[in-house]
Amino acid sequence: MYHGVINVYKEPGFTSHDVVAKLRGILKQKKIGHTGTLDPAACGVLPVCLGQGTRIADMLTEKKKTYEAVLLLGQETDTQDTTGEVLARCPVNVSEEEVRRTAASFIGPQKQVPPMYSALKVEGKKLYELARAGKEVERPARDIQIDELTMNWIKLPRVGMTVTCSKGTYIRTLCYDLGKALGCGGCMEKLTRTRVERFLIQDSLTLSQIETLRDENRVEEIILPIEAMFDGPRAIANEAGNKKLINGNPVAAEDFAFILREDGQAEPLAPEALPKTGLVRVYSADRKFLGLYEYEERRRFWKPKKMFPT
């Protein structure tokens with residue numbers, strides 16, 4: 001079984017679930033999950049977790065993401081993108097400066113109402129199921145963060161933009177909200193996710209490319225190991241601490257013997273040198289990655305945050 005994360009390029013027409021299903025067939029293993037849904041019409045980076053890597057899917061979902069999007073002004077649809085039914089059309093009588101100024105006002109913390117055509121659940125039912133049944137329900141606004149909203153080009157009624165944002169941000173809804181703010185309506189015409197944390201679109205692979213690498217017995221080359229997903233120090237247990245770590249128990253500073261450097265060499269670790277903030281990647285005495293630990297000040301020990309039993 002493979003363990004880690006693959007940077008998959010989701011092609012238009014596939015759902016994120018389709019990608020997972022097809023990858024299960026390609027890699028011949030069931031334990032696979034994605035880290036954040038992309039609409040079927042969208043394309044781009046979709047990190048997919050394999051084996052024990054599925055245990056960090058929730059941590060990846062929290063990461064910031066970057067998108068390239070095309071906003072079409074003068075049109076509103078029920079899905080907030082051009083795949084939906086047109087609800088209204090309006091002339092676009094805005095200037096490029098108005099577009100840039102309005103977009104700038106969306107940078108920072110925002111409240112966003114999720115679209116009806118989304119997989120969020122209300123009273124156990126997915127919103128898109130209710131929408132398809134002709135029902136609309138009240139959705140509470142959610143806190144999001146827009147870190148970057150850059151206008152790459154403006155050829156009205158279309159606007160090309162780059163968006164870097166927090167978890168839970170709907171770019172379709174951002175397009176809709178921008179259109180509302182400009183007084184002419186708007187919807188999303190195109191969406192490409194270019195980055196999820198350290199995963200970049202230029203490094204992503206299509207399913208067919210992954211299948212080719214499988215046939216060449218080279219899949220391991222494209223899997224990012226679980227421990228490589230994190231930046232904390234790599235601490236190796238001594239014999240006394242080894243049993244504690246293997247059983248997932250808390251450990252003290254004196255239970256570690258070495259720090260593993262980036263070049264793979266180990267150097268002795270003074271107990272007082274182990275940082276007490278952030279996550280520590282812990283390894284058994286024979287250098288097998290076991291999990292992520294965090295420091296608890298009150299008890300003065302490191303406790304498990306995520307374990308990856310082999």
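This is a predicted model: local features need pLDDT of at least 70, side-chain atom pairs count only at pLDDT 80 or more; totals for chains, interfaces and linings use all residues.
In helix H1, the residues Ser16, Val19, Val20, Leu23, Ile26 and Leu27 are buried, where buried means under 20% relative accessible area, exposed means over 50%, and partly exposed lies in between, with a 1.4 Å probe and protein chains only. These residues lie on the same side of H1, because they cover an arc of only 125 degrees around the axis; the arc is that of the directions from the helix axis to the C-beta atoms. An α-helix has 3.6 residues a turn, so residues three or four places apart point the same way.

Residues are numbered from 1 along each chain as its sequence is written, and side-chain values use heavy atoms, with hydrogens and water left out. Helices (H or I, at least four residues) and strands (E, at least two) are DSSP runs, numbered from the N terminus.

Let us return to H1, which comprises residues 16-27. What do its buried residues pack against? Their partners are strand E1 (4-10), strand E2 (32-34), strand E3 (43-50) and helix H6 (207-215), where contact means heavy atoms within 4.5 Å. The length of H1 also agrees with expectation: its twelve residues, at 1.5 Å a residue, should span 16 Å, and its end C-alpha atoms are 16 Å apart. The expected span is 1.5 Å times one less than the number of residues. Just after H1, Lys28 takes a positive phi of about 60 degrees.

At the start of H7, a side-chain oxygen of Asn238 reaches to within 3.1 Å of the backbone nitrogen of Ala240. Just after H7, Gly248 takes a positive phi of about 75 degrees.

Is strand E11, residues 158-165, mostly covered or mostly open? Seven of its eight residues are buried, and E11 is thus described as mostly covered. Strand E4 (residues 65-73) runs antiparallel to E11, and eight bridges join them; two strands pair if DSSP finds at least two bridges between them. Within this pairing, Val159 in E11 is the bridge partner of Leu71. Strand E10 (residues 142-155) is likewise antiparallel to E11, with eight bridges joining the two. Here Met151 stands opposite Met161 in E11.

A hairpin of two residues joins E10 to E11. Pro157 is found in the loop between these strands, and a cis peptide bond, with omega at about 15 degrees, joins Leu156 and Pro157.

Gln80 is not a glycine, yet has a positive phi of about 70 degrees. Gln80 lies in the loop between strand E5 (75-77) and strand E6 (86-89), and its relative accessibility of 9% counts as buried. Arg300, also not a glycine, has a positive phi of about 60 degrees. Arg300 is located in the loop between E18 and E19 and is exposed, with a relative accessible area of 63%.

Next, the cysteines. How many disulfides does the structure hold? The number is zero, a disulfide being a pair of cysteine sulfur atoms within 2.5 Å.

Finally, the chain as a whole. The secondary structure comes to seven helices and 19 strands. Of the 310 residues, 47% count as buried. The C-alpha atoms fill a box of roughly 75 × 45 × 40 Å along the principal axes. Among contacts with a separation of 6 or more, 63% are between residues 24 or more positions apart.

Terms used
A polar contact is a pair of N or O atoms within 3.5 Å; within protein, one must be able to donate a hydrogen and the other to accept it, and residues adjacent in sequence count only if both atoms are side-chain atoms.
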